[in-house]
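Thanks for making time this morning; I would like to walk through one model with you, going from a helix to the sheet, then to the pockets and a few loop residues. Please keep the structure open while I talk.

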Amino acid sequence: MKIGIIGSGNIGGSLGKHWARAGHYVIFSSRHPEELKDLVVEAGENAKALSVQHTFEANADVYLLAVPFKAIDKIAELYADEYATKVIIDATNPYPERDGEIALKVRSANYNASEYTAMKFATAKTAKAFNTIHAEHLRDRAFRDVDKLTVPYAAQDEESKAVVRQLIQDIGFDSLYIGNLSDTRIMDPNQVIYGKSLQCDVLKELVDATKSY
């Protein structure tokens, strides 16, 4: 797959390097792509860096959103023509101390953060993943054959569900399907599985317990 990384920090950088190692073609993005030279070198021959605009114009199969939550509105508005019908993986989290009023609004609304992203990227196929696991574990615990950690995910439709499951498993993590986007509040900051790096059976117990309430 061709994967566009929108936000090349800790989460986006690690995932991009892992996916490139797994054989996918990765485009890292930045307002200053020349600053990503070291990241591209680490990722190897399956990677390059472009501006955010050119990354969206590159017609990737999948786009990972690993940006501050407050950037979602602007990105969705600017690049609507380029991401239509694509799979969007939302790895963002609303933090009021960083993202301000929009994070407060979403965290007190009758919808959750992934539903907000899906509303903004209305022509795309949105999934939620990679926002709950510790960044250092995502970086360091990939490609394991034993003692695998699990990445929970949710999806808007069958295509995004299948794509995200594959991309999780391609880099050596187990995957756990949570449900559709309306089920993802447990993945939001300060909720049940946020910040948990766990093996599949333990994580599933936590998820199942919330569904029995």
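Predicted model: local features only at pLDDT ≥ 70, side-chain atom pairs only at ≥ 80, totals over all residues.

**Helix α8 and what covers it**

Let me begin with helix α8, residues 113-120, whose buried residues are Ala113, Ser114, Tyr116, Thr117 and Ala118; here buried means under 20% relative accessible area, exposed means over 50%, and partly exposed is in between, with a 1.4 Å probe and protein chains only. Helices (H or I, at least four residues) and strands (E, at least two) are DSSP runs, numbered from the N terminus. Residues are numbered from 1 along each chain as its sequence is written, and side-chain values use heavy atoms, with hydrogens and water left out. The cover over the buried residues of α8 includes β4, α4, β5, α7 (101-107) and β6, where contact means heavy atoms within 4.5 Å.

**The sheet**

Two of those covering elements, β5 and β6, take us to the sheet. It is an open sheet of eight strands with mixed pairing, in the order β3-β2-β1-β4-β5-β6-β7-β8, and two strands pair if DSSP finds at least two bridges between them. Its edge strands are β3 (47-50) and β8, each of which pairs on one side only. Neighbouring strands of this sheet are turned against each other by 25° on average, direction ignored; the axes are lines fitted to C-alpha atoms, for helices over the stretch in contact, and angles run from 0 to 180 degrees between N-to-C directions.

Which way do the side chains of β5 point? In a regular strand the side chains alternate between the two faces of the sheet. In β5, Val87 and Ile89 point one way, Ile88 and Asp90 point the other way, and all are buried.

**A buried loop residue**

Leu181 sits in the loop between β8 (174-179) and α11 (200-211). Is Leu181 buried or exposed? Leu181 counts as buried because its relative accessibility is 6%. Leaving aside neighbours within four places in sequence, its contacts include Ser114 and Ala118, Ala127 and Lys128, and Ala154, so that we meet again Ser114 and Ala118 from the buried set of α8.

The largest pocket has a volume of about 440 Å³. Of the 20 residues that line the largest pocket, Arg31, Val52, Val67, Ala71 and Ile75 are the closest to its centre, and α4 gives the most to that lining, with three residues. A pocket, on a 1 Å grid over the protein atoms alone, is an open set of points where a 1.4 Å probe fits, with protein on both sides within 12 Å along at least five of seven lines, and lining residues have an atom within 4 Å of a point. Grid points are joined across faces, edges and corners, and a volume is the space filled by probe spheres set on the points.

The second largest pocket holds about 330 Å³ of space. Of the 20 residues that line the second largest pocket, the closest to its centre are Ile11, Ala91, Asn93, Tyr95 and Asn131, and helix α1 gives the most to that lining, with three residues.

**Two residues with positive phi**

Most residues other than glycine have a negative phi, and most peptide bonds are trans. Asn59, in the loop between α3 and β4, has a positive phi of about 60° although it is not a glycine, and Asn59 is partly exposed, with a relative accessible area of 47%. Asp147, in the loop between α9 (135-140) and β7, has a positive phi near 50°, and Asp147 counts as partly exposed at 48% relative accessibility.
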